[in-house]
Amino acid sequence: MEFSHRSNTSSRLARWGGSNRRLVITAHHLLLFIMVCYAVVLAPFIDSDFRNYLVIFAGMLGGLLFLSLRLKVTRQVLAGMLCLFFMGLQALFIGGDRDLWSVGLTLVYASGYFAVATLFERVPDKRGFLQKWARVIVYAFATLSIIQMVASFTSLPIPNLIASKGLWSYNSLAFEPSQLGRVVGMTMLAYLMLLREPLRIERLFHFSKSNLALTGAFLITMLLSGSALAASAIAVVFILSRSLVWSMIFAALIVIFWPIVLLVDYEPVNRAAAILSTIGDLDTDALISADSSGASRVVPAVIYLKESVPSEVGFWIGYSGDGLARFFQYRLPGFGDTVAAGFLAGFPVVYGALGILVFLWIFVFLFLTPKTAPLIVFWILFFSSSAWNTQVFWYGLILIQMTSAASGPDKAAVTRAAL
């Protein structure tokens, strides 16, 4: 087996087999492997506690690559490691062993993220690479969704079935349908952002044959998931993929025709509409009554906004993992004494307002450009409710970083260079 780079990189070689037969693994292959591991979930690698050993291996591999392939340690990597160091100190002096294990897992996911970011810098055609593999990921999800549907109707074993609600609820290459909505939705949005043209009315509904096929695959996957989140993500992807002017126009049209949306006889749309209709009141009971599943992703942030106290030291530096029980235990529908607060509002409760601001600056807002702004909005809407120690959370961050790099030199690149 041979490890090599394609661009001005010294390689460490380890041959497997004879001189006429060897496997060559390049930085390109390693980049693809780690990226795909963060994007998909395969049932054989999931244990009874729903740990995904494939993505954990990919994250650890990313860390090892910095040593074996001498990957460049960028300023962002240093800033990220410094952030994790202070998270570790907070866990050590305020939290406990459980918090330290959590920081260790965050380090594993971040290592894979940094490896992807560094390896991607060596790809000559970044835009072409990301567009190609975004298409592959969307088609792969669509293909397995259709296979799962056919298998369910023919009473055959359903491949890669992990978590679903039954008929017309297919998880495809995700852990569950709502995770599918996040992964496929943001992947499609990243692809469209790299295609987006300046404002022209004749291009509003123009699709090439290949893009039309990809759009069909995207819609099939999202609709077959039976997820309210995925149904909402379809509209958000369409709106955000347009220019700012058209995004505002479509958002206004949705508000105007909202009563018609409420008449649509499609259960995921009805659930999404019920949540959106009640979220403005910040009434947790009303949210839970509208849709307990969707409310479990929104209620933690509502509770934190209503009950956090800026005058407390813990508000700024965190309450440790024990603070999660204080805010959320027995208050989330369907979770009992289990706390599942996601990144928002779990991260600021554990690591404080200062901690989340630093984290968001390093991993999100340093990459803010006209091309990535829609992805960041999508990530905030649909990914921030995921726990930060999950692959889907970090896959969203990976897409933001890769889209920024694929967009060419920009203001964000200058900002990161000055970090």
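1. Ala 345 has its place in helix H16, and in this predicted model the peptide bond that joins Leu 344 to Ala 345 is cis, with an omega of about 20°.

2. Helix H16, residues 343-363, runs alongside helix H3, residues 75-93: the two axes come within 10 Å and cross at roughly 175°. Angles over 145 degrees count as roughly antiparallel, and H3 and H16 are therefore roughly antiparallel to each other. On the H3 side the contact is made by Gln 76, Ala 79, Gly 80, Cys 83, Met 87 and Gln 90, which meet Phe 347, Val 350, Tyr 351, Val 358, Phe 359, Ile 362 and Phe 363 of H16. Sorted by type, the residues of this contact comprise 10 nonpolar and three polar ones, with no charged residue among them. As a general point, an α-helix has 3.6 residues a turn, so residues three or four places apart point the same way.

3. The largest nonpolar core holds 113 residues, and within this core Phe 378, Trp 379 and Trp 394 touch the most other members. The element that gives the most to this core is H16, with 12 residues. Which residues does Phe 378 contact, leaving aside its neighbours within four places in sequence? They are Gly 181, Arg 182, Gly 185, Met 186, Leu 189, Ala 233, Val 236, Val 237, Leu 240 and Phe 383.

4. Phe 378 and Trp 379 are also among the buried residues of helix H17, together with Pro 374, Leu 375, Ile 376 and Phe 382. The cover over the buried residues of H17 includes H6, helix H8 (228-240), H16 and H18.

5. Ser 386 lies in the loop between helix H17 (373-382) and H18. Is this serine buried or exposed? Ser 386 has a relative accessible area of 8%, and is therefore buried. Leaving aside its neighbours within four places in sequence, Ser 386 is in contact with Arg 182, Gly 342, Phe 343, Val 392 and Phe 393.

6. Another serine to check is Ser 296, which is found in helix H13, residues 292-307. Its relative accessibility is 13%, so Ser 296 counts as buried. Between the C-alpha atoms of Ser 296 and Ala 341, which are 45 residues apart along the chain, the separation is 8.1 Å.

7. Arg 70, which is not a glycine, has a positive phi of about 55°; its place is in the loop between H2 and H3, and because its relative accessibility is 56%, it counts as exposed. Ser 155, likewise not a glycine, has a positive phi of about 60°; this residue is found in the loop between helix H5 (126-153) and helix H6 (177-193), and because its relative accessibility is 69%, Ser 155 counts as exposed.

8. The span of helix H2, residues 53-68, agrees with expectation, because at 1.5 Å a residue its 16 residues should span 22 Å and its end C-alpha atoms are 22 Å apart. Buried in H2 are Leu 54, Val 55, Ile 56, Ala 58, Gly 59, Leu 61, Gly 62, Leu 65 and Phe 66. These buried residues of H2 pack against helix H1 (27-39), H3, helix H4 (97-120) and helix H18 (391-406).

9. Helix H4, one of the partners of H2, has 24 residues and reaches 35 Å from its first C-alpha to its last, which is close to the 34 Å expected at 1.5 Å a residue. Of the 24 residues of H4, 17 are buried, so this helix is largely enclosed by the rest of the structure.

10. For the protein as a whole, there are 19 helices and two strands, and buried residues make up 51% of the 419 residues. Among contacts between residues at least 6 apart in sequence, 68% join residues at least 24 apart.

Technical notes
Residues numbered from 1 in each chain as written. Predicted model: local features only at pLDDT ≥ 70, side-chain atom pairs only at ≥ 80, totals over all residues. Heavy atoms only, no water. Axes fitted to C-alpha atoms, helices over the stretch in contact; angles between N-to-C directions. Helix = DSSP H or I, 4+ residues; strand = E, 2+ residues; numbered from the N terminus. Parallel < 35°, antiparallel > 145°, perpendicular 65-115°, else oblique. Contact = heavy atoms within 4.5 Å. Nonpolar A, V, L, I, M, F, W, Y, C, P; charged D, E, K, R; others polar. Core = buried A, V, L, I, M, F, W, Y, C linked by side-chain atoms within 4.5 Å. Buried < 20%, exposed > 50% of the residue type's maximum accessible area, 1.4 Å probe, protein only. Expected span 1.5 Å × (residues − 1).
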